[in-house]
Amino acid sequence: MLLRKGAVLLIRRGHAPFEGHWAFPGGFVELGERAEDAVVREILEETGLRTRIKTLVGFYSDPDRDPRGHVASAVYLLSAAGGRLQGGDDAREAAWWPLARRPPLAFDHEEILEDALRCRARVGERKRPGRRIP
C-alpha cells in the first residue's frame with residue numbers, strides 16, 4: 001500500500017468481485033515467487049509505479065474477506081521508486097485519493113487502511129536521528 005501526503009493509492013477494479021469499485025492494488029503470488037516480490041510486481045502491473053517495501057502492515061486471513069473463497073493477504077507499506085501512474089493489467093484506472101475524501105473501498109480494505117495508518121505512525125515514531133531501525 002502506498003500512502004503519501006494525506007493520500008492513498010487506489011485502483012478501480014476491472015473484474016469481479018467488486019468490479020468498478022476502488023481497492024488497493026494487489027494480486028496473487030505466482031508459483032515459486034516470494035510474497036515480497038509479488039507485491040512489487042503487482043503494484044507495477046496495476047499502477048505503473050515501481051516501489052520498495054518499507055514494512056509489513058499485517059496478514060489478513062478471515063475466511064469471509066473475499067467472496068471467491070478463503071484468500072489470505074500480506075499487506076506492506078511501500079515507497080514509490082519511480083514510474084508513471086496509470087491503470088493497467090486488471091485495474092481500470094489508478095489514482096491518488098485524499099484520505100479524507102476517499103471512496104468506499106472493496107473487500108476489507110477500510111480495516112486494512114486503518115491498520116496501515118497506525119503502522120505508518122509507529123514506523124515514523126521509530127525514525128529518530130542517530131537511531132537505526134531494525
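Reader: To begin, how many salt bridges does the structure hold?
Author: There are twelve salt bridges in the structure. Please bear in mind that this is a predicted model.

Reader: Which residue does Arg65 form a salt bridge with?
Author: Arg65 pairs with Asp108, and the closest N and O atoms are 2.8 Å apart.

Reader: Is Arg65 buried or exposed?
Author: Arg65 counts as buried, at 10% relative accessibility. The cut-off for buried is under 20% relative accessible area.

Reader: And what do the side chains of Glu110 and Arg102 do?
Author: They meet in a salt bridge, with 3.1 Å from N to O. Here Glu110 is partly exposed at 30% relative accessibility, and Arg102 is partly exposed as well, with a relative accessible area of 23%.

Reader: Which residue does the side chain of Arg34 meet in a salt bridge?
Author: The side chain of Arg34 meets that of Asp37, at 3.1 Å from N to O. Asp37 is partly exposed, its relative accessible area being 38%.

Reader: Which residues are linked in a network of salt bridges?
Author: Glu30, Glu33, Arg41, Glu42 and Glu45 are linked in this way.

Reader: What is Val57 in contact with, leaving aside its neighbours within four places in sequence?
Author: Val57 is in contact with Val75, Tyr76, Leu77, Asp115, Ala116 and Cys119.

Reader: Cys119 interests me. Where is Cys119 found?
Author: Cys119 is part of helix H2, and it counts as buried at 4% relative accessibility. Although Cys119 and Val57 are 62 residues apart in sequence, their C-alpha atoms are 6.1 Å apart in space.

Reader: What does Cys119 touch, not counting residues up to four places away in sequence?
Author: Cys119 touches Thr55, Leu56, Val57 and Leu77.

Reader: Back to the loop between S4 and S5: is Asp66 buried or exposed?
Author: Asp66, whose place is in that loop, counts as buried at 6% relative accessibility. Not counting residues up to four places away in sequence, Asp66 touches Pro17, Val71 and Phe107.

Reader: Now the empty spaces. How is such space found?
Author: A probe the size of a water molecule is rolled over the atoms, which shows where empty space is left.

Reader: How much space lies in the largest pocket?
Author: The largest pocket holds about 700 Å³ of space. Its lining has 30 residues, and Pro25, Gly26, Gly27, Phe28 and Ser73 lie nearest its centre.

Reader: Which element supplies the largest share of the lining of the largest pocket?
Author: H1 supplies the largest share, with six residues. Helix H1 (35–47), S5 and H2 each supply at least two residues of that lining. By type, the lining divides into 18 nonpolar, five polar and seven charged residues.

Reader: How many cavities of 30 Å³ or more does a search of the whole structure find?
Author: The search finds one cavity of that kind. About 40 Å³ of space lies in the largest cavity.

Reader: Which residues line the largest cavity?
Author: Ile11, Arg13, Gly14, His15, Glu46, Asp90 and Ala91 line the largest cavity. This lining divides into two nonpolar, two polar and three charged residues.

Terms used. Residues numbered from 1 in each chain as written. Predicted model: local features only at pLDDT ≥ 70, side-chain atom pairs only at ≥ 80, totals over all residues. Heavy atoms only, no water. Salt bridge = Lys/Arg side-chain N within 4 Å of Asp/Glu carboxyl O. Buried < 20%, exposed > 50% of the residue type's maximum accessible area, 1.4 Å probe, protein only. Contact = heavy atoms within 4.5 Å. Helix = DSSP H or I, 4+ residues; strand = E, 2+ residues; numbered from the N terminus. 1 Å grid on protein atoms, 1.4 Å probe; cavity = no way out; pocket = protein on both sides within 12 Å on 5 of 7 lines; lining within 4 Å. Points joined across faces, edges and corners; volume = space filled by probe spheres on them. Nonpolar A, V, L, I, M, F, W, Y, C, P; charged D, E, K, R; others polar.
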